[in-house]
Amino acid sequence: MEVNPPKQEHLLALKVMRLTKPTLFTNIPVTCEEKDLPGDLFNQLMRDDPSTVNGAEVLMLGEMLTLPQNFGNIFLGETFSSYISVHNDSNQVVKDILVKADLQTSSQRLNLSASNAAVAELKPDCCIDDVIHHEVKEIGTHILVCAVSYTTQAGEKMYFRKFFKFQVLKPLDVKTKFYNAETDEVFLEAQIQNMTTSPMFMEKVSLEPSIMYNVTELNSVTDQAGECVSTFGSRAYLQPMDTRQYLYCLKPKKEFAEKAGIIKGVTVIGKLDIVWKTNLGERGRLQTSQLQRMAPGYGDVRLSLEAIPDTVNLEEPFHITCKITNCSSERTMDLVLEMCNTNSIHWCGISGRQLGKLHPSSSLSLALTLLSSVQGLQSISGLRLTDTFLKRTYEYDDIAQVCVVSSAIQVES
């Protein structure tokens with residue numbers, strides 16, 4: 001939408017055109033069967049049409065390209081390009097021509113001119129051309145302000161402006177969900193929806209983790225040939241209004257995982273980097289703000305599993321490895337371990353043994369042995385930790401689950 005101030009008699013004319021890639025020409029095929037009244041007339045007309053594809057005349061897409069007929073839509077993350085031309089329509093030589101292009105957004109004003117130096121003179125029927133580029137990083141109303149100043153032969157200084165108003169739309173809708181595993185791992189699900197009216201080729205969707213985490217992408221599988229292929233297939237197109245889920249696994253780095261007091265409260269996970277292409281390869285890119293999640297609270301003492309088998313034999317001992325962490329940042333604990341049997345799980349070893357002192361933000365690993373007297377999916381419960389300093393007992397039930405099978409069934413390793 002162009003909004004111009006009251007017209008003045010100026011020697012120079014300003015023209016602004018947005019630079020976009022062309023689109024494939026489309027037509028509406030009209031055909032009929034040979035036994036119908038027109039016979040082969042419609043088919044022959046389509047074969048003679050230079051815009052149709054030879055041998056595939058009934059397709060709407062042709063072989064020709066069409067230049068854009070209007071300003072079109074501009075989406076966040078795309079590069080806005082525009083051609084600016086100042087032409088001398090008079091028969092006079094104009095001096096000291098200065099062309100300036102600014103982009104006004106809701107929060108800032110940006111200078112897009114390639115050069116701020118004035119042109120010494122412009123002869124009749126000559127022009128000054130400039131191409132500006134800007135990566136759009138804000139949604140909402142944008143105003144391109146083009147200003148021209150010059151001096152006539154009579155020494156009169158002249159100045160005029162033109163305003164070009166356009167809207168920047170949101171191309172993608174990104175939603176995130178966090179899932180906490182029994183270990184320190186965090187799973188991030190990113191739901192990405194195409195909000196435009198044309199298909200997108202998703203070139204890259206990656207997660208750039210913060211310094212606390214290592215990330216593993218879970219968006220590919222290994223085929224029978226041993227090659228890694230995308231779970232979305234060989235053509236990574238996202239149709240209009242379609243949604244796709246991407247999954248990532250984040251694991252704290254060793255130096256942070258060992259310090260229990262660091263990963264507390266609100267933690268920064270990282271940010272998503274999304275790159276796509278539309279139409280004839282027009283590129284767009286978005287980076288989300290830093291994603292944050294609320295770390296789960298573990299209280300004063302945290303008990304987690306480092307190793308546990310998936311399947312065990314009935315009434316045969318098996319081993320698990322636990323990790324006990326003092327989540328307090330100030331207080332040392334003196335811990336005693338008690339093991340309480342349940343209807344299906346029986347602990348092997350001495351209950352009530354001293355584990356010793358555990359300093360703030362430190363941890364210890366503990367190997368335990370147990371067996372199950374009942375088949376099926378059994379829950380491991382019955383661990384009790386008592387802090388002798390405060391006389392406080394922490395109960396841990398439903399720590400994990402194991403599948404118990406008859407010893408007559410061979411358990412695959």
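This is a predicted model: local features need pLDDT of at least 70, side-chain atom pairs count only at pLDDT 80 or more; totals for chains, interfaces and linings use all residues.

Me: How do S25 and S34 pair, parallel or antiparallel?

Reply: They run in the parallel sense, over three bridges, with S34 covering residues 400-405. Asn 313 sits opposite Val 405 in S34.

Me: OK, switching to packing. Which residues touch the most other members of the largest nonpolar core?

Reply: That core has 48 residues, and the ones touching the most other members are Leu 12, Ile 97, Leu 144, Val 148, Tyr 150 and Met 202. Strand S12 (residues 157-169) gives the most to this core, with five residues. Another core, of 29 residues, lies apart from it and includes Leu 305 and Tyr 394.

Me: What does Leu 12 touch?

Reply: Leaving out residues up to four places away in sequence, its contacts include Val 86, Ile 97, Leu 122, Tyr 150 and Phe 160.

Me: And Leu 355, buried or exposed?

Reply: Leu 355 counts as buried because its relative accessibility is 18%, and the cut-off for buried is under 20%. Leu 355 lies in strand S29 (residues 353-358).

Me: How far is Leu 355 from Leu 385?

Reply: They're 30 residues apart in sequence and 9.4 Å apart in space, C-alpha to C-alpha. Leu 385 is one of the residues Leu 355 touches, along with others including Ile 324 and Leu 366.

Technical notes. Residues are numbered from 1 along each chain as its sequence is written. Side-chain values use heavy atoms; hydrogens and water are left out. A nonpolar core is a set of buried Ala, Val, Leu, Ile, Met, Phe, Trp, Tyr and Cys residues joined through side-chain atoms within 4.5 Å. Buried means under 20% relative accessible area, exposed over 50%, partly exposed in between (1.4 Å probe, protein chains only). Helices (H or I, at least four residues) and strands (E, at least two) are DSSP runs, numbered from the N terminus. Contact means heavy atoms within 4.5 Å. Two strands pair if DSSP finds at least two bridges between them.
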